[in-house]
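Here is a short briefing for a first look. Please keep the sequence and the 3D view at hand while you read.

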Amino acid sequence: MPRRTATMLASTLILIALLCAGVLIRVPYSEMSPGPTVNTLGDARGEPVLHISGHKTYPTSGNLNMTTVRVTGADYDMNIVAAVYGWLAHDSVVVPHNTLYPDGKTEEESTQENAEEFSQSQESAKVAALEELKIPVTSRVVVSTVVKDSAAEGVLHAGDVIKAVDGTAVEQPEDVAKLVTKHKPGEDVVFTVIPARTAAAAEKANKEPEGSRDVTLTTRKAPEDPANPSEDRAIVGIQAGTDHTFPFEVDIKLADVGGPSAGLMFSLGIIDKLTPGKLTGGKFIAGTGTIDDDGKVGPIGGINMKLVGARDEGARYFLTPDDNCSAAASDTPSGLTLVRVKTLDDAKKSLEKIRTGDTAGLPSCSKG
């Protein structure tokens, strides 16, 4: 066999072997890519994303699109070929598997956690929007979860309204933990609560819940904290949260989406529907960001994938959380203008500038 032919054959066989190895060898990585975007002012699967009843609403136009990221499942075994392709592709990102599924979390556990975060983001989005419009929202501290086999199990229940602890009124969820930890493990603590069923019936009748009762629980020692091994902290086994009563119905309907990052865009959509005029001026605006009850916008993950998804759908402007600005500015798709936001009020003011054409005054993102 001529030397040249032998060399080409050997090179071909080596290449085939390398490709086979690349397909067979698994690596601990996962992939993120742009997910679908949804106009919060429009419909999804044939029904409005935002449904408001019991209050006057106004026509809207344009787009206020929330953005998503598509990720590979927890059981996906990436091979070297797929990893290299993902690293080279502009519209995907390869990240360590633990980034998406820390501590061996299963896909089911991750999905459940994302669903809970999504539900909480909807609640905060509604509160922030109504507060921005000076529409009163009633808030109360409730039992959010009860730990299995804890002192509170079977005595307190999710949804119970916590009025006081040891006779001291509670205004915020963190007040509950502060009052409980004043005790030592083994001591009694008295909760003044309104049962969840009573509270739900009162809310349905649009009345203040009545009929509180005192419940005595014996505190237990909290699991040892490695950072403070000598700490002797008392607990009863509940997590307190906040429940809100709205003056009219605001329903957010969107399936197969999880996580808290759509909060900002939901709030803006609600505001647009509840106010005369058109918030976007008919323009295509996308964005992302968590939001709390006070309207503060927080950072999210996968910002660069969301930028690509928004641009591909036709967005011209992208509302970007302040803490994500540097990463977003480092790789902004052409034709997309980043708009930095810290609060819901910031976002409203920026939309006004976009609507009136005063785009030179928009707060921008910068690298580093």
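Predicted model: local features only at pLDDT ≥ 70, side-chain atom pairs only at ≥ 80, totals over all residues.

The protein chain has 368 residues, with ten helices and 24 strands. Nine salt bridges and one disulfide are counted in the model.

**Overall build**

- Buried residues account for 42% of the protein chain.
- The protein chain exposes about 19700 Å².
- Take the contacts between residues at least 6 apart in sequence: 74% of them join residues at least 24 apart.

- Side chains of opposite charge can pair when their charged atoms come close.
- In the pair of Glu 47 and Lys 253, the closest N and O atoms are 3.7 Å apart. Glu 47 sits in strand β5 (residues 47–48), while Lys 253 sits in the loop between β19 (249–252) and α7 (263–274), so this bridge ties together parts that are 206 residues apart in sequence.
- Asp 251 also forms a salt bridge with Lys 253, and here the closest N and O atoms are 3.9 Å apart.
- Are these residues buried, exposed or partly exposed? Glu 47 is partly exposed, with a relative accessible area of 35%. Lys 253 is partly exposed at 34%. Asp 251 is partly exposed at 24%.

**Another salt bridge**

- Lys 221 and Asp 232 meet through their side chains, at 3.9 Å from N to O. Lys 221 belongs to strand β16 (residues 220–221), and Asp 232 to the loop between β16 and β17 (234–235), so the parts tied together are eleven residues apart in sequence.
- Asp 232 is partly exposed, with a relative accessibility of 48%.

**The disulfide**

- A disulfide is a covalent bond between the sulfur atoms of two cysteines.
- Which cysteines does the disulfide join? It joins Cys 325 to Cys 365, with 1.9 Å from S to S.
- The link of Cys 325 and Cys 365 is left-handed, with -45 degrees about the S-S bond.
- Where do the two cysteines lie? Cys 325 is in helix α9 (residues 325–329), and Cys 365 is in the segment after α10 (344–356). The pair links distant parts of the chain, 40 residues apart.
- Cys 325 and Cys 365 are both buried.

**The second largest pocket**

- The second largest pocket has a volume of about 560 Å³.
- How many residues line the second largest pocket? The lining holds 22 residues. Nearest the centre of the pocket lie Gln 120, Val 142, Ser 144, Gly 241 and Thr 242.
- Helices and strands both contribute to the lining of this pocket: α4 (107–132), β11 (138–146), α6 (196–204) and β18 (238–245) each supply at least two residues.
- Strand β18 gives the largest share of the lining, with six residues.

Note on methods: Residues numbered from 1 in each chain as written. Heavy atoms only, no water. Salt bridge = Lys/Arg side-chain N within 4 Å of Asp/Glu carboxyl O. Helix = DSSP H or I, 4+ residues; strand = E, 2+ residues; numbered from the N terminus. Buried < 20%, exposed > 50% of the residue type's maximum accessible area, 1.4 Å probe, protein only. Disulfide = S-S within 2.5 Å. Contact = heavy atoms within 4.5 Å. Areas by Shrake-Rupley, 256 points an atom, 1.4 Å probe, with all protein chains shown as cover. 1 Å grid on protein atoms, 1.4 Å probe; cavity = no way out; pocket = protein on both sides within 12 Å on 5 of 7 lines; lining within 4 Å. Points joined across faces, edges and corners; volume = space filled by probe spheres on them.
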